[in-house]
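Have the sequence and the 3D view side by side as you read.

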Amino acid sequence: MEKGQWTLRYPNSLGGEFGMKHRIGTNQRKQAAGWFQALEMVGHGKSRADLAVRLPEKEGYSLRGHCQGMDSLTPLRRVFVISFLGIFLAVTTLAQSPQNIPDVTAITLEDLMNLQVTSVSKRAQKLADAAAAIFVITQDDIRRSGAASIPEALRMAPGLEVARMDQNKWAIGSRGFNGRFDNKLLVLIDGRSVYTPLFSGVYWNVQDVMLEDVDRIEVIRGPGATLWGANAVDGVINIITKSAKLTQGAIVTAGGGTDERTAESGRYGGKVGDNTYYRAYTKYSDWEPTVGPTGTNASDGWHALRGGLRVDSTPTRADSLTVQGDLYRSVYGETLTVPSLSAPYSSTFPNSGNYSGGNILGHWNHAFARSSTSLQMYYDDTNTVDNSLFTDHEGVYDLDFQHDLHVGESQEFVWGLGFRSIQDSNGSSFTVSLKPNHNSLNQYSGFLQDEVSLFDKRLRVTFGSKFEHNKFTGFEVEPNVRFVGILSKNQSIWAAISRAVRTPALTEEGLQLNEAVIPPPCSPFPFPCVVSILGSPQFKSEDLIAYEVGYRIQATSTVSADIATFYNKYTNLRSAEPGAPFVEGSPTPTDLVIPFVASNKMSGGTYGTELFADWRVVPKWRLVGSYSYLQMDIQKNKDSLDPTPDNPNGASPRHQWYLRSSLDLPKHLEQDMTLRYVDHLASLNIPSYYSLDAHLSWRPIASLEFAIGGQNLLNHQHMEFIPEFINTTPTLVGRTVRGSITWRFE
């Protein structure tokens, strides 16, 4: 930043929906002496692209300059990329020779359509019968993609928006409203909700498992509130790991690359008696820091260590019991900018923090002749230390009971009860504070759902509702009705109408976020003015009414397609309304606070289409592709006084697509390549980009696998997202190469 300039930035609300940045020169700063002039500055009506993070070319970091193609690469880099791709083309040519080797892609399309999923109706059902836009990422998909983390694996799901902000922070959303603190996407790991009550979102650098033990990741785009409750507004991600019985023996992995210094994991599974199985694992990873827009070190490296245990037992034929838990600790870095009351009134510096905690879960299931019951209990403990900003300790107790009942041959009824208790304690700084600093929240819920089959099971109608009570808004009702019509053996159509709510988070009730300091004199006062975002006890739940229609077809034995369309109507979305200024400091005033208070004066609609196709070109070659279109029309209400010109319309890509090729080669080689396109983010000034990822693995024997992969091979660097809420420096996603060795033994 040039001397004499200062930055005034408003975050995308208290977690994602309003944000702006101004660059104001010395003359303008003199004109902003009064608090009323500060309000005038934020109401100029400029587009979000003009107010977003500025990356002027004269400072040497134009965004478009970093999204370069092959022509802009240095000769050495060009040789590297061409050589890497050349290896893939060379081994592809060998595939022309017939070999009698195992066919890893031998699973048929019919098998995929019959894949059992549980996230749509909280019971096992065929994927083809699900009345929702659901996509399943399998263990084989994860392994062959070379994904090193859950966010990287989620790039394979149609309609999801996955963007990296720096080495340890991600923005992941569904059908719009993307951001680091996305609060409309519910994420579960083995049925355990991992959202934080601070902002109703997910710390993605905390959520991790041993990827080799993942059975599948079920991704629902669209509401799932009737079964899963509040915050399952625009989607549900359910990460399901394998049972201990399926992970017997040992596995050891070791790897590293240009961005991940080292990654090691190990797991051992065994058996006790005839009916009890267990596994234990440990995992460590260490990531290099990346560079910011100016090309300087962003100090965003991080490392994490975690371990866990799972035990599965079937003491009787009718009973099954699971107990599992994890412990973890992660240390991360970032480049942080915070305001201050003394000159120069803001500072940028390398900051660090850590996450630590653990969880334990127990799940019991009992089967009767025509029904079954299940009881799940878990405790989740999380400690967050963000030096210079905030500390937080959360303890979550959760209890869920469910009863499934078959009523005749054409009706299935399921109901359940739930209780969730949250204890939160936090420590504050000048930048971030939360009042009160200790909170106790109790949530009560119940749900019921009935599925009726008609016309010889060619039409299935599902209707039900969730009933919840929370401290902030009281009683909430979230009903839905869903239809599935079986047109033929290979075709089905589905439709749904749903209501979902996003209940307030702790930050929306008691937060004070000091975003910028206006230097003194702040007329008519001789001390500085502090521009702050405040929570409000009057903040209400955000509401969604969703309309969805989908179609699935297996056109031939080798071609299938899945299309989903939607229209979402939102009301009571978050806005930032100006409040009455007040003086801080006692007995001597230190500053004047110019508040912007969380309110519910934004609304609008979104609509779009998501398409996925699967083509088995030949038995050993599979092509899959996805295309997503999203149109957002979110506006402030007429009675809103929110002076920021921001809304979430331009923070999600309108167009996304990918094409993935999976090829089985001779000599036990597997080759996978993925070409992705992500449209520009107009409100963030981030251009569109293409990315080519490649992965090659070799199994000389059944128990040993060598793999090498490259990401972002087509361009040197590009930016994917800009952090909101907390002013950390965004970093550039560069070209990377990773290698790994996996050894399995009994």
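Five strands make up an open sheet with mixed pairing, in the order β5-β10-β11-β8-β9. Strands here are DSSP runs of E with at least two residues, helices are H or I runs of at least four, and both are numbered from the N terminus. Two strands pair if DSSP finds at least two bridges between them. At the edges sit β5 (133-138) and β9 (192-193), each pairing on one side only. Look at β8 (residues 185-189) next: two bridges join β8 to β9, and the two run antiparallel. There, isoleucine 189 stands opposite arginine 192 of β9.

A quick word on ground rules. This is a predicted model, so local features need pLDDT of at least 70 and side-chain atom pairs count only at pLDDT 80 or more, while totals for chains, interfaces and linings use all residues. Residues are numbered from 1 along each chain as its sequence is written, and side-chain values use heavy atoms, with hydrogens and water left out.

A cavity is a set of points on a 1 Å grid, over the protein atoms alone, where a 1.4 Å probe fits but cannot get out; lining residues have an atom within 4 Å of a point. Grid points are joined across faces, edges and corners, and a volume is the space filled by probe spheres set on the points. Of its 37 lining residues, Gly146, Ala147, Ala148, Glu212 and Ser740 are the closest to the centre. Strand β39 gives the largest share of that lining, seven residues. By class, the lining holds 12 nonpolar, 16 polar and nine charged residues (nonpolar: Ala, Val, Leu, Ile, Met, Phe, Trp, Tyr, Cys and Pro; charged: Asp, Glu, Lys and Arg; polar: the others, Gly among them).

The second largest cavity holds about 290 Å³. Its lining has 26 residues, with Ser149, Asn205, Asp208, Trp287 and Trp302 nearest its centre. Elements giving two or more residues to this lining are α8 (150-154), β14, β15 (302-316) and β16 (319-339).

Last stop: the sulfurs. A search of the whole structure turns up one disulfide (a pair of cysteine sulfur atoms within 2.5 Å). Cysteine 522 and cysteine 529 form this disulfide, with their sulfur atoms 1.6 Å apart. The torsion about their S-S bond is about -95°, so the disulfide is left-handed. Cysteine 522 counts as buried because its relative accessibility is 0% (buried means under 20% relative accessible area, exposed over 50%, partly exposed in between, with a 1.4 Å probe and protein chains only). Cysteine 529 is buried too, with a relative accessible area of 0%.

Key: On a 1 Å grid over the protein atoms alone, a cavity is a set of points where a 1.4 Å probe fits but cannot get out, and a pocket is an open set with protein on both sides within 12 Å along at least five of seven lines; lining residues have an atom within 4 Å of a point.
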